[in-house]
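Thank you all for coming. Please have a look at the sequence and the structure on the screen, and then I will talk you through them.

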Amino acid sequence: MSSINYDFQANAVIYPPYPGTPLRRGSRGQNVATMQTYLNSIRSKYYPQLPLLVVDGLFGARTEQAVRTYQSIVGLNVDGVIGQQTWNSIVLKNNQGGGVNPPYPGVVLQRGSRGQNVLIMQQYLNSIRQRFYPTIPLIMTDGIFGVQTERAVREFQALTHLIVDGKIGQQTWNAIVLKYQQGGEVVNPPFPGTVLEVGSTGSDVARMQTYLNAIGDAFYPTLPKLTVDGIYGTATANVVKQYQLLNGLTVDGKIGESTWNSIVLKYNSISGGGERVWPGYDLTYGVTGDDVSYMQARLNQVARFYTAIVVDSVDGIFGSQTEESTRQFQLQFGLNPDGVIGENTWNRIVNVATNLNRNVYTRVTTAYGGNVLEVGSYGDQVRFVQSYLNRINSYNMYGWPSLTVDGNYGSGTQNNVIRFQLLKGLNADGKVGPNTWAAILAAFNSTLI
C-alpha cells in the first residue's frame with residue numbers, strides 16, 4: 001500500500017507520494033501517466049501556457065517540455081526532470097482545488113468487482129454517455145463489474161486517450177470523475193497547446209482545414225474551400241478571419257484556443273461529436289502524434305475479437321507494427337491493403353470498433369489469397385484461418401485444441417482444418433484451397449449474431 005508523505009515546507013500532505021526515482025525522458029509507466037494527468041489538469045485550471053499532453057505513460061519530448069514550462073513558472077530548477085521537489089509541487093498544485101471527489105478508493109475495479117464504488121462508476125459512465133460520448137454502451141447500475149461495464153470502460157478509455165485495459169485504476173477513476181463533473185460541451189479533439197498561424201504546418205492544420213470546409217458546406221456557403229494540405233498559408237488565414245467574424249471571435253486569422261474550440265464544437269454539431277473523425281491527412285509510416293495513438297487504440301480494440309490482427313503498442317508512432325495491423329484490418333474488411341490509414345480506413349476502423357462495444361459484430365470479406373495453404377505455409381492468410389477456426393471452435397463448443405494465431409501453418413492448424421473439413425463434408429486433406437477457404441469464412445461469419 002502506498003504511504004502518504006508530508007511536505008513540511010509546504011505544510012501539506014503529498015499524495016500520491018514521490019515514487020523514489022526521478023522521471024525523465026524515456027521513463028514510462030503509471031507514475032508518468034499520473035504526472036501527465038496532473039499537468040493537464042494544472043494547465044486547464046492555472047497555466048494555459050503548458051502544452052496539452054497525451055496521457056500515455058510515455059515520458060517523451062512533449063512531456064519534458066511541459067515539465068520545463070511548469071518548473072519555470074513556479075520557480076523550480078528547470079531541468080525537465082520530475083524529481084521529488086517537482087513531483088511534490090505538481091501534486092500540491094493539482095490538489096489545490098480539492099482534487100478528485102469522490103477520491104480513488106485505492107483498489108483497481110475490474111471484471112468481478114462488486115460494491116458501491118462500482119455502482120458510482122456505472123452511474124457516472126451512463127451520465128457521461130448521455131452528455132458527451134453516445135458510443136459508450138448503456139450499463140445496468142447494479143454494482144457488479146461485468147462484461148458490459150468493462151466494455152463501457154474500454155470505450156471511455158479509447159475516447160479519452162487512456163490506456164485501454166477495461167479496468168478502473170486511479171488514472172481512469174480520476175478521468176471518469178472529472179468528466180462526470182465537467183459542465184458544458186466537450187471539445188474533442190482538444191486544443192493542441194500551440195497557436196496555428198501563417199507558417200504553421202502539420203496534422204493540426206490539416207484537421208482545421210478539413211473542419212472549416214465541412215462547416216462552410218453546412219453553415220457558411222460564402223467561406224472559400226481550402227486545399228487540405230496541412231500548410232497554414234494566407235488562404236487558410238483568410239478563411240479563419242471570416243469564420244472568426246461570423247462567430248464573434250477576435251479577428252486575427254490565427255487559431256488559438258478560443259477559435260480552435262469554436263471550430264471543433266461547430267464541426268461536432270455536424271458530425272454528432274464524441275467520436276474522433278478523420279483528421280484530413282493520411283496516417284502512414286513515420287507519422288507521429290495523437291491521431292496515431294487513437295488509431296492504435298482502436299485497432300487494439302478490434303484485435304481482441306478479430307485475433308488475426310497483431311496487437312500494437314499505443315505509442316503514437318506509426319511504425320512497421322502499426323502498418324502491419326492496419327493491413328491485416330484492411331484485408332478483412334474490403335479495403336485496399338496498403339497499410340495506410342486514409343479516410344475510408346479510419347472510418348471503417350472506428351465503425352467496427354464502435355460496433356464491438358455495442359455487441360454488434362461486423363462480417364469479414366477476407367479474399368482467398370490464391371495459393372493453397374498447407375503445412376509450411378506462413379503469413380497473414382494463415383493467421384486468418386487460425387483466427388477464424390478458433391472462433392468457430394469456441395462458438396460451437398466443438399472442443400478442438402485452440403490454435404496459436406502466429407501465421408505458421410503447422411500440424412495443429414492442419415489437424416483443425418481436417419476436423420473442419422470432415423464436419424462440412426469437404427475433402428479432408430488438411431489443406432486450405434478456395435473451397436475450404438470459402439467454407440471457413442462462411443462458418444466464421446455465421447457466428448457473428
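Predicted model: local features only at pLDDT ≥ 70, side-chain atom pairs only at ≥ 80, totals over all residues.

What is the chain built from? It has 15 helices and two strands, and of its 449 residues, 51% count as buried. The accessible surface comes to about 20,000 Å², and carbon and sulfur atoms account for 50% of that. If we take the contacts between residues at least 6 apart in sequence, 57% of them join residues that are at least 24 apart.

Let me now turn to helix 2, which runs over residues 61-74. With its 14 residues it reaches 20 Å from its first C-alpha to its last, close to the 20 Å expected at 1.5 Å a residue. Which residues of helix 2 are buried? They are Thr-63, Glu-64, Ala-66, Val-67, Tyr-70 and Gln-71, and because they cover an arc of only 160 degrees around the axis, they sit on the same side of helix 2. After helix 2 comes Gly-75, with a positive phi near 80 degrees.

Helix 8, residues 234-246, can be read in a similar fashion. Its 13 residues reach 18 Å from the first C-alpha to the last, close to the 18 Å expected at 1.5 Å a residue. The buried residues in helix 8 are Thr-236, Ala-237, Val-239, Val-240, Tyr-243 and Gln-244, and they lie on the same side of the helix, because the arc that they cover around the axis is only 165 degrees. On the other side of helix 8, Thr-234 and Leu-245 are exposed. Helix 8 is followed by Gly-248, whose phi is positive, near 70 degrees.

In soluble globular proteins, nonpolar side chains tend to be buried together. The largest nonpolar core here has 72 residues, and the members that touch the most others are Met-121, Phe-156, Leu-283, Tyr-306, Phe-329 and Leu-389. Among the elements that give two or more residues to this core are helix 4, helix 5, helix 6, helix 10 and helix 12. There is also a second, separate core of 21 residues, which includes Phe-191, Tyr-211, Leu-223 and Tyr-243. Going back to Tyr-306, we find that its contacts, not counting residues up to four places away in sequence, include Phe-333, Val-352, Leu-356, Phe-444 and Leu-448.

Let us now look at some single residues. Ile-128 lies in helix 4, residues 116-131, and it is buried, because its relative accessible area is 0%. Leaving aside its neighbours within four places in sequence, Ile-128 is in contact with Tyr-133, Ile-136, Phe-156, Ile-176, Lys-179 and Tyr-180. One of these, Ile-176, is 48 residues away along the chain, yet the two C-alpha atoms are separated by 8.1 Å.

Val-292, in helix 10, also counts as buried, at 0% relative accessibility. Beyond four places in sequence, Val-292 touches Leu-283, Val-287, Gly-316, Ile-317 and Phe-318.

Ser-27 is found in the loop between strand 2 and helix 1. Why does Ser-27 count as buried? Its relative accessibility is 19%, and buried means under 20%. Among the residues that Ser-27 touches, beyond four places in sequence, are Gly-57, Leu-58 and Phe-59.

Is Met-397 buried or exposed? It counts as exposed, because its relative accessibility is 73%, and the cut-off for exposed is over 50%. Its phi is near 55 degrees, a positive value in a residue other than glycine.

Conventions: Residues numbered from 1 in each chain as written. Heavy atoms only, no water. Helix = DSSP H or I, 4+ residues; strand = E, 2+ residues; numbered from the N terminus. Buried < 20%, exposed > 50% of the residue type's maximum accessible area, 1.4 Å probe, protein only. Contact = heavy atoms within 4.5 Å. Areas by Shrake-Rupley, 256 points an atom, 1.4 Å probe, with all protein chains shown as cover. Expected span 1.5 Å × (residues − 1). Arc of directions from axis to C-beta. Core = buried A, V, L, I, M, F, W, Y, C linked by side-chain atoms within 4.5 Å.
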